[in-house]
Amino acid sequence: MPVQTSSSRSAASASAARADMSVILVTGSYDHEIRFWEAWSGICSRTIPRAGESGQVNRLAISPDKRLLAAAIHKKAYIYEIAAAPPAGPVRCTVALLPIAIFEGHNGNITAVCFHSEGKWLVTGSEDGTIKIWDLRNSHLHRNYDNEAPVNDVVVHPNQGELISCDQAGRIKQWDLSENICTHELTPGGDTPMRSISLASDGTCLVAGSVKGKCYVWKINDERSDLPRFQAVTMFQAHNKYLTRLLLSPDVKYLATCSADTTIKIWSITPNYEFKLEKTLQGHQRWVWDCAFSADSAYLVTASSDHTARLWDMSTGETVRQYNGHQKAAVCCALHDGAG
């Protein structure tokens, strides 16, 4: 995801412009708006205003094929067709974009949303204590898991056969998609709520972060081996204030942690699962709620209560672009600049 300066952008070729449009960057806010951005220019290319509708945007996810945007808005999950919105251009436009599907069934705020790799299923987790799997082909509820405590985060294992969740009761659970059961449970910090989890893209490592800023790391072993499925390898204090989100980079060389202390910390990871603080990204003025890596792990997008989102260069730790326009806290972001 090579960045362009304002001066070089004017001289960019048509092919580079097409590549720019292939980058999908979206933010959601307590102002109820969903905004699409041109990553390099910082221009808001289109907005889904949702005027008069209740419920803030809690989480966003882009489907692997770049076709769909899932937005967790209060108790419902909205599915938008990204191509239905006008293409990015120099003039910002507000789009009355209607969702192609709305999934209803949760009784509390939806706190997690993610796509299955084939794009046929959507997974949601909620404060109502359930995890639900929805069929995108017919908008029906496919499966319901009772977690018995408010769910804070859910991820799909790269093998696509398991879900891993974390919750307000301090538990991390693995759910088998072929059956309606929890196959493993971890409680690394007692009853301290687990706020966020991230799985390595190759399925070899799991990291969880607690509300007290501590990170816990497990090596994931093959189910057929004699070793435990989740083998605890280390823990460390990432922040002294509330940890909001953590995320492993696609190349599994870095971990990003976001916090109420207004910073994002970048941790390098050795083959022996040693985590070393490499950079502290400073610039946001309030809580940092969410982050997303570029496909090549070279850039990071963050969303903050200061109403802005930022694009950071991982090599320098500097802000490359700032995205201004939300009227309230920007609390979630999604980035897809890889192959569709």
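User: How many bridges join β17 to strand β18 (residues 205-210)?

Analyst: Five bridges join them, and the two strands run antiparallel. As a general idea, strands of a sheet pair through backbone hydrogen bonds, either parallel or antiparallel. For one spot to look at here, find Ser196: this residue stands opposite Gly209 in β18. Keep in mind that you're looking at a predicted model.

User: Which order do the strands have in the open sheet that includes β17 and β18?

Analyst: Read across the sheet and you get β17-β18-β19-β20, four strands with antiparallel pairing. β17 (194-199) and β20 (230-237) are the edge strands, as each of them pairs on one side only. Going from one strand to the next, the twist averages 20°.

User: Where do β9 (110-115) and β12 stand in their sheet, and why is one side of each left without a neighbour?

Analyst: Begin with the order: β9-β10-β11-β12 is another open sheet of four strands, with antiparallel pairing. β9 and β12 stand at the edges, and each has a single partner strand, so one side of each has no neighbour in the sheet. Neighbouring strands here are turned by 20° against each other on average, direction ignored.

User: How many bridges are there between strand β11 (residues 130-135) and β12?

Analyst: Six bridges, with the two strands paired in the antiparallel sense.

User: What do β23 and β24 form, and how many residues lie between them?

Analyst: They form a hairpin, with five residues between the two strands. β23 (residues 264-269) and β24 (residues 275-281) pair in the antiparallel sense over six bridges. Ile264 stands opposite Leu281 in β24. Look at the turn too, where Tyr273 has a positive phi of about 65°.

User: How do I read a positive phi?

Analyst: The general idea first: most residues other than glycine have a negative phi. A positive value is something to stop and look at. His32 has a phi near 75°, and this residue is found in the loop between β1 (24-29) and β2 (34-37). Glu148 has a phi near 70°, and its place is the loop between β12 (140-146) and β13 (151-156).

User: What is the relative accessible area of His32, and what is that of Glu148?

Analyst: His32 has 23%, so this residue counts as partly exposed. Glu148 has 63%, so this one is exposed. The cut-offs you need are these: under 20% is buried, over 50% is exposed, and partly exposed is in between.

User: Is Ser165 buried or exposed?

Analyst: Buried: its relative accessible area is 1%, so Ser165 falls under the 20% cut-off. You'll find Ser165 in strand β14 (residues 162-167).

User: Which residues does Ser165 touch, not counting those up to four places away in sequence?

Analyst: The list includes Ile131, Asn147, Asp153, Arg171, Trp175 and Ile197.

User: Which residues touch the most other members in the largest nonpolar core?

Analyst: In soluble globular proteins, nonpolar side chains tend to be buried together. The largest nonpolar core here has 20 residues, and Val26, Ile34, Leu60, Leu69 and Tyr80 touch the most other members. β1, β2, β4 (57-62), β5 (68-73), β6 (76-81) and β29 (330-336) each give two or more residues to this core. Apart from it lies another core of 17 residues, among them Val23, Cys44, Val301 and Cys333.

User: What is Tyr80 in contact with, leaving aside its neighbours within four places in sequence?

Analyst: Its contacts include Ile34, Ile48, Arg50, Leu69, Ile73, Leu97 and Pro99.

User: How many helices and strands does the protein have?

Analyst: Two helices and 29 strands. Of its 340 residues, 57% count as buried. The protein exposes about 14,100 Å², and carbon and sulfur atoms supply 49% of that. Finally, take the contacts with a separation of 6 or more: residues 24 or more positions apart account for 47% of them.

How values were computed. Residues numbered from 1 in each chain as written. Predicted model: local features only at pLDDT ≥ 70, side-chain atom pairs only at ≥ 80, totals over all residues. Heavy atoms only, no water. Buried < 20%, exposed > 50% of the residue type's maximum accessible area, 1.4 Å probe, protein only. Contact = heavy atoms within 4.5 Å. Core = buried A, V, L, I, M, F, W, Y, C linked by side-chain atoms within 4.5 Å. Pairing = 2+ DSSP bridges. Axes fitted to C-alpha atoms, helices over the stretch in contact; angles between N-to-C directions. Areas by Shrake-Rupley, 256 points an atom, 1.4 Å probe, with all protein chains shown as cover.
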